[in-house]
Amino acid sequence: MLAYIIRRVAQSVLVLLVVGLVAFSMFRFVGDPVDNMLGQERTQADIERLRVELGLDQPFPVQYGKFLGQAVQGNFGLSYRQGRPVADILLERAPATLELAAVSGLMAMIGGIGLGVFTAIRRRGLGANIVMTSSLVGVSLPTFLIGILLIYVFSVELNWLPSFGRGEVVRLGGWTTGFLTESGLKALILPSITLGLYQMTLIMRLVRTEMLEVLRQDYIRFARARGLRERSVNFRHALKNTMVPVITVTGLQLGSIIAFAIITETVFQWPGVGLLFINAIQFVDIPVMAAYLMLISVMFVAINLIVDLLYFAIDPRLRLDRGTGAKA
Amino acid sequence: MKITTGLATAALLASTSLSANAETLRWARAGDSLTLDPHAQNEGPTHTLAHQIYEPLIIRDMSGAFQAALATDWAPKEDDPTVWVFNLRQGVTYHDGAEFTAEDVVFSINRAKTDDSGMKELLGSIVEVRAVDDHTVEFVTDGPNPILPSNLTNLFMMDSGWAEANDTVKVQDVDGGETTYATTNTNGTGAFKLVSREPDVRTVLERNDDYWGMDEFPMEVSEIIYTPIQNAATRVAALLSGEVDFIQDVPVQDLQRVADSDGLVVKTAAQNRTIFFGMHLGPDDIENDNVEGENPLADIRVRRAMNMAIDRDAIKQVVMRGQSEPAGMIAPPFVNGWTEEMDSSVSTDVEAGKALMAEAGYEDGFSIQLDCPNDRYINDEAICQAAVGMLGQIGVTVNLDAKPKAQHFPLISSGGTDFYMLGWGVPTYDSEYVFNFLVHTRSDEIGTWNATGYSNAELDAKIASLASETDLDKRNATIADIWSTVQDDVLYLPIHHQVLNWGMTESVGTEVSPEDDPKMKFFTMN
């Protein structure tokens with residue numbers, strides 16, 4: 001077990017280094033930050049001077065090396081755009097994204113599993129068919145369109161919910177939370193629906209398919225024949241056995257909820273790291289882009305690792321298989 | 001004198017009764033200020049926020065006209081045209097209570113002249129600033145500089161004592177030292193004080209009740225909540241749903257929607273920005289065309305034909321939905337040197353254009369790449385697409401390459417483009433600024449945005465003479481002279497002057513400023 005974890009961590013570090021290298025080789029194609037940083041009155045001499053100061057005249061492996069050297073000491077540099085330390089900015093923005101991701105992830109899990117079980121059990125019912133059909137909307141509509149539609153209906157027409165921002169936040173140490181105020185909670189509703197809808201339908205369809213598969217198994221028939229209550233059969237015996245693939249997908253999706261909250265955050269002006277990244281790309285704010293990409297890859301790698309470890313916890317057979325596999 | 005005092009008292013009474021009301025202005029625009037340091041960046045949204053908190057010696061009011069701010073009057077010294085004398089306003093205090101004096105002006109100008117300042121180019125002609133007494137300052141320039149005051153309208157005054165006490169005497173350098181105190185803290189003389197700020201999220205300001213201009217300006221806004229909203233649709237939705245009172249940058253396709261809504265108004269004015277195409281006409285051959293061994297753009301007949309082919313009215317109607325002023329020159333109407341005749345000089349004539357192309361030996365046309373930004377100006381890419389079709393009619397096959405501004409502008413800086421879109425504003429309201437950057441032969445110091453390769457020594461000499469000509473009539477004659485050469489040589493293809501749109505609730509009263517920089521002390525709220 002420990003050897004496995006160590007091996008996975010070593011692999012992860014390698015992945016991170018490669019991601020960083022690819023990222024730095026791409027930055028030059030994003031554009032040149034110098035023109036954004038100097039006003040229109042800048043002279044050619046200013047451009048040259050700034051380029052040297054920022055090290056942009058160096059080849060990208062050198063720039064990458066410099067970044068890594070500082071990053072291992074916890075220094076991600078200063079944002080070109082805001083002139084403040086990148087680490088501070090990321091820490092300031094992370095709570096917004098994490099809270100949004102947590103709420104939409106939770107919504108997607110509960111809604112997805114609940115509806116998945118429902119549509120599997122009442123496979124031919126009218127309700128299940130309606131849910132299945134409308135879930136197509138969730139899968140096929142692009143996120144920004146859902147966001148704009150929700151804003152139009154609930155903010156502009158009905159005036160129930162705010163169209164942008166995070167509402168009032170409460171500061172708890174280094175963390176800011178929107179969970180403790182009414183406006184903060186209200187502000188969470190539309191963005192988390194927008195962000196979670198796709199994941200919810202995905203989980204729902206997955207749970208349904210797996211459930212249908214499991215419900216056909218012999219042990220379910222035996223359970224029924226034994227006269228167990230329907231509830232117990234469905235949830236204790238059937239649902240539990242569908243969870244391994246569901247957890248894999250959910251875990252990976254949680255990563256993408258955080259990483260790809262970019263669009264939702266842009267539509268709702270949600271002050272998280274996704275919006276920060278979009279601004280950074282437009283400005284070619286290399287320190288912010290680099291730190292963000294590294295952070296996201298660390299997160300993906302970590303989630304993958306945790307998901308792998310969860311398999312062992314949920315499914316005892318895997319432990320057994322592994323053991324026998326090693327002997328053979 | 002008695003009468004004015006009486007009036008002032010009346011105004012004082014009126015304004016105190018008004019100021020008793022707490023009026024919050026919730027304000028949104030696309031971008032946020034980049035830094036609170038008033039000298040670090042020469043950039044629109046940054047200056048706009050700074051204008052609420054800090055003040056320059058002279059401001060432009062909402063119509064763009066000069067108005068006294070921290071200086072009460074200014075004039076060149078009688079016996080020496082290289083010195084400007086500024087008399088400072090007395091009894092002005094900073095938000096922390098310190099008094100504003102001549103020493104602060106000297107400090108602020110010198111701070112803004114340092115290498116890391118974004119404002120230093122505007123102050124290039126200043127050799128020395130000296131305090132004559134506590135409320136008189138002299139600016140010594142390297143030659144007579146008749147338009148010095150127009151370079152000072154975004155040059156904010158900081159308290160030297162505060163800067164020293166907080167170790168923020170220097171402007172932050174960009175290559176990654178420490179953040180300086182002034183980047184995140186303020187101490188100005190302005191009408192509003194900073195209460196809190198989260199960059200890109202929310203900035204809250206409150207009225208400075210000790211402001212020297214409490215009686216001179218409406219000062220009806222008691223609190224400003226400024227939230228950048230990047231996405232245009234969301235910004236409009238926030239106004240429609242009543243979550244904000246005032247937005248800048250209303251997208252043209254939503255203007256009607258906002259104007260038709262109950263309780264909302266859209267106000268419009270010509271912006272200080274002209275959109276145009278530049279052509280690499282200098283060299284004998286260019287890279288991005290299909291003509292070998294010669295440069296079609298070097299032929300004035302081709303440039304004239306291209307100018308005639310572009311239907312500016314069609315671009316206005318179709319691409320801009322009526323929100324632009326077709327242009328014949330790169331200067332909006334309020335800039336010194338603008339004439340109606342030059343600005344309406346081009347008319348669309350495809351047949352004449354074809355004839356000119358044939359005369360120049362290009363009856364079969366040629367093809368060329370047009371470089372265009374897609375996130376900088378209003379509908380920039382769509383304008384380029386329209387131009388592609390229009391130029392096609394005279395046989396110029398245009399390959400459009402549209403990309404983000406961060407990739408587009410380096411092409412212009414480095415000379416990697418032969419045909420490009422650019423927009424130009426004239427912050428000094430004087431044509432010399434246009435000539436210095438767009439017309440003068442390109443060098444390290446001057447002509448920095450002239451990517452056309454155009455070089456005319458005679459014209460350069462005339463442009464240089466503007467800087468020190470103190471006889472304004474003579475100077476204006478030279479300006480007219482330079483413009484006529486620029487127009488005759490078809491140096492650029494002007495498209496239009498951008499139009500600014502501000503959306504607001506009916507209770508907000510303001511004019512639209514051509515600089516797109518609302519100064520909230522001028523706003524009325526009812």
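Is B:M219 buried or exposed? B:M219 is buried, with 25 other C-beta atoms within 10 Å; a residue counts as buried if 20 or more other C-beta atoms lie within 10 Å of its own, as exposed if 12 or fewer do, and as partly exposed in between, with C-beta atoms placed from the backbone. This is a predicted model, in which local features need pLDDT of at least 70 and side-chain atom pairs count only at pLDDT 80 or more, while totals for chains, interfaces and linings use all residues. Residues are numbered from 1 along each chain as its sequence is written, and chains are lettered from A and ligands numbered from 1 in the order in which they are written.

**Contact between the chains**

- The contact draws 43 residues from chain A and 38 residues from chain B, where two residues are in contact if their C-beta atoms, placed from the backbone, lie within 7 Å.
- On the side of chain A that touches chain B, two or more residues come from each of α2 (33-37), α3 (44-54), α7 (143-157), α11 (261-267) and α12 (273-283) of chain A; helices (H or I, at least four residues) and strands (E, at least two) are DSSP runs, numbered from the N terminus.
- α3(A) gives the most to this side, with six residues.
- By class, the side of chain A that touches chain B holds 20 nonpolar, 16 polar and seven charged residues. Ala, Val, Leu, Ile, Met, Phe, Trp, Tyr, Cys and Pro count as nonpolar, Asp, Glu, Lys and Arg as charged, and the others, Gly among them, as polar.

**A helix pair across the chains**

- α7(A) and helix α6 (residues 232-240) of chain B pack at an angle of about 10°, with their axes 10 Å apart. Axes are lines fitted to C-alpha atoms, for helices over the stretch in contact, and angles run from 0 to 180 degrees between N-to-C directions.
- α7(A) and α6(B) are therefore roughly parallel to each other; angles under 35 degrees count as roughly parallel, over 145 as roughly antiparallel, 65 to 115 as roughly perpendicular and the rest as oblique.
- From α7(A), the residues A:I148, A:I151, A:Y152, A:S155 and A:V156 meet B:A233, B:T234, B:A237 and B:L240 of α6(B).
- The contact of α7(A) with α6(B) comprises seven nonpolar, two polar and no charged residues.

**Domains**

- Chain A is divided into domain 1 (2-72) and domain 2 (99-271), with bounds that come from an automatic or database domain assignment.
- The C-alpha centres of these two domains of chain A lie 37 Å apart.
- Chain B is divided into domain 1 (7-245 + 507-525) and domain 2 (270-499), and their C-alpha centres lie 34 Å apart.
- The contact between the domains of chain B takes 12 residues from domain 1 and 13 residues from domain 2.

**A four-stranded sheet in chain B**

- An open sheet of four strands has the order β4-β5-β7-β6 in chain B, with antiparallel pairing; two strands pair if DSSP finds at least two bridges between them.
- The edge strands are β4 (71-77) and β6 (126-133) of chain B, each of which pairs on one side only.
- β6(B) and β7(B) form a hairpin with two residues between them, and six bridges join β6(B) to β7 (residues 136-141) of chain B.
- B:E128 stands opposite B:V140 in β7(B), and B:A131 has B:V137 as its bridge partner.
- Five bridges join β5(B) to β7(B), which run antiparallel, and B:V85 stands opposite B:E138.
- β7(B) has a covered face, B:V137, B:F139 and B:T141, and an uncovered one, B:T136, B:E138 and B:V140.
- Helix α3 (residues 102-112) of chain B lies across β5 (80-88), β6 and β7 of chain B, running at about 170° to β6(B).

**A mostly covered helix**

- Helix α8 (residues 300-309) of chain B is mostly covered, as eight of its 10 residues are buried.
- Among the buried residues of α8(B) are B:V302, B:R303 and B:R304.
- The cover over the buried residues of α8(B) includes β12 (264-279), α11 (350-359), α12 (380-392), β15 (396-403) and β17 (492-505) of chain B.

**Positive phi values**

- Most residues other than glycine have a negative phi.
- Phi of B:M219 is near 50°, a positive value, and B:M219 is found in the loop between β9 (202-207) and β10 (223-226) of chain B.
- Phi of A:N159 is near 60°, also a positive value, and A:N159 is found in the loop between α7 and β1 (170-172) of chain A.
- A:N159 counts as partly exposed, with 13 C-beta neighbours inside 10 Å.
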